[in-house]
Amino acid sequence: MTLARDLVVAGAITAAIAAVPLVVTSGAVLNAVILTLYAALLGQAWNILGGFGGQFSFGHAVFFGTGAYTATILQLRFGMNAWAALVCAVAAGACVGALIGALAFRYGLKGSYFALVTLAFAEVFRILATTFTFTGAGVGLMLPLAESAAALQFTTKAGYLYLILALVVVGFALHIWLKHSRFGAWLTAVRDNEMSAAALGVDVIRVKQGAILLSAALMAAGGVFYVQYLHYIDPAIAYGPAVSVEALLGPLVGGMGTVFGPLLGAVALHLLSESMRNLLGDAPGLSLALYGIVLIVMVRYLPSGLMGLFDWRRRS
Amino acid sequence: MPDFSILFAALLNGLTQGAVYALIALGLTLIYGVLHIINFAHGAALMLALYAVYFLYTRLGIDPYLALPLITAGMFALGYLLQRFIIGRASHGRDENILLVTLGLAIVMENLALFVFRSDTRTIETPYAFATVEIAGALIGIPKLAALAGAIVVTAGLYILMVRTDLGRAIRALAKERQGARLVGIDVEHVLAMSFGIGLACVGAAASFLMPSYYVNPTVGSGFVLIAFTVVVLGGMGSFVGALAGGFIVGIAESLGGLYGMALGLGENLGQLAIFVLFIAVLLIRPQGLFGARA
């Protein structure tokens, strides 16, 4: 798609979602839209590094948790304003990204080694958060209710919907920029063939470093949204594998390295888990088991994701 | 500074715990190192094997150690079928895909176990579970000593398999040069599946040695996954002796880390932390491992 068409499609999707609260008042429906957008945001964050950059992280929770904990602790223990805390949390996530990137990329960790090292970092952070009372240890931290826009908390679901939509729009902007910019071209060149990219003069380490920085920052914003919306965080939620899996599954189902893949994947997965819940009831484990099956089936039969179905030229 | 007898007990405890890690890591090093397949479902496979030991004991009264041949045979079959019909076919021969497929398998296994067995933690009560012997003033559990012996026997067995048998030669040929192996008439898909099967059979053996002194619940495996990876990376991919030594090092690091964590008032978590810090450090500084050749 050309830049103009990407912008038009992104604008149309944003406008359509923004119109939802004007038409629908059902809390359950709005909640479903919010959670889908939230999953899309995590997917977008992962997609920057994994989809465009080809660096598969299995521990994206490390950025999510850092964002969530930073925002909560700054508000709770230092009385910081929520908006300022959001900015600090995103910066903190980016710093952790820079740290992991500096270590992993400088030492040339690729493929499964990179996946392993990100997983290990998430575990280290989980254990640290469980150990220190500063982070509430195993009990976790509660973010007190303070329902005002200044505290980044809203009395209506519509408020949260616009907040998460704004973050997803930032994600769209980053994706469209990556697709049409020189930096994005470098990044996909590194993904497709690192050696030839380097031979053509691309600074491989710096490009990867930039990608992990953006990816981590966006993921941290997802963590902030989580605490603002649900008011609670503990080490298992923040740094556990569930968030990391959720972040990579959306782009995988929707289409890795595409602008609209993460959102499409999030919508498809949400519809799937909802319909399964209606069909089979809320049995523990069943919906996640289904996610695992979807993952395998997608890799087997549709490796380019749902977006691959839209790519008529490649199919014919 | 803890006094010597406590230190010695912690060392011994770490050594036997490390033997269990080594047993799990042996299967992983075969799959991961020799075949370049990243098996993220390794921990989930261990969990299934532990449930098998549990049900064989509670329903049929078969002792965990007597169940060992049954469990290893069952896990071998599972591994063979998974590689042949799911992982091999779904991956289209690409490493990233193998990563994702085994992750998917892990999610499916863990959550089906959660659905079928619920999240209860289960243990078995054997007459010898708490039997101990005294070694130089330190008490050590008989099941843990059995695991230590088991780890050494399995390592030796794998070593002989790889060096002395045709299957071992085929596996090594495949690890070096897959295309060449195919050209000289090796049935690549069959040998890959055999390796995966043997890898999971090791997990079955580990489960038999682990269960008398441990527990099982649907997520028990995930705790072992990273530890097993640490052991494999530490020992050098594909090296069985390295995996054994790596297991001991990790077990001792955890045990001593926990001891000093307690002494510093930071809790036993420091032991686990020591493992992951060790893991990251080895990945960064010496990714070929302590016993692996430079790639």
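Helices (H or I, at least four residues) and strands (E, at least two) are DSSP runs, numbered from the N terminus. The model is predicted: local features need pLDDT of at least 70, side-chain atom pairs count only at pLDDT 80 or more, and totals for chains, interfaces and linings use all residues. Residues are numbered from 1 along each chain as its sequence is written, while chains are lettered from A and ligands numbered from 1 in the order in which they are written.

**Exercise 1. Describe the make-up and size of chain B.**

Step 1. Count the elements: chain B has eleven helices and two strands.

Step 2. Read their order from the N terminus: α-α-α-α-β-β-α-α-α-α-α-α-α.

Step 3. Take the extent. The C-alpha trace of chain B spans about 60 × 45 × 35 Å along its principal axes.

Step 4. For 295 residues a compact globule would have a value near 19 Å; chain B has 19 Å, so the two agree.

**Exercise 2. Work out how the two strands of chain B are joined.**

Step 1. Find the pairing (at least two bridges found by DSSP between two strands). Strand β1 (residues 132-135) and strand β2 (residues 138-141) of chain B pair in the antiparallel sense, over four bridges.

Step 2. Pick out a facing pair: B:Ile135 stands opposite B:Ala138 in β2(B).

Step 3. Look at the turn. β1(B) and β2(B) form a hairpin with two residues between them. In this turn, B:Ala136 has a positive phi of about 50°.

**Exercise 3. Describe how α5(A) packs on α11(B).**

Step 1. Helix α5 (residues 111-131) of chain A and helix α11 (residues 269-285) of chain B pack at about 155°, with axes 9 Å apart.

Step 2. Name the arrangement. Angles under 35 degrees count as roughly parallel, over 145 as roughly antiparallel, 65 to 115 as roughly perpendicular and the rest as oblique. α5(A) and α11(B) are therefore roughly antiparallel.

Step 3. Class the residues of this contact. Ala, Val, Leu, Ile, Met, Phe, Trp, Tyr, Cys and Pro count as nonpolar, Asp, Glu, Lys and Arg as charged, and the others, Gly among them, as polar. The contact of α5(A) with α11(B) has 13 nonpolar, four polar and one charged.

**Exercise 4. Describe the side of chain A that touches chain B.**

Step 1. Count residues in contact (C-beta atoms, placed from the backbone, within 7 Å). Chain A gives 35 residues and chain B gives 35 residues.

Step 2. Find the main source: α5(A) supplies the largest share of chain A's side, 14 residues.

Methods:
Axes fitted to C-alpha atoms, helices over the stretch in contact; angles between N-to-C directions. Contact = placed C-beta atoms within 7 Å. Rg over C-alpha atoms; globule rule 2.2 N^0.38 Å.
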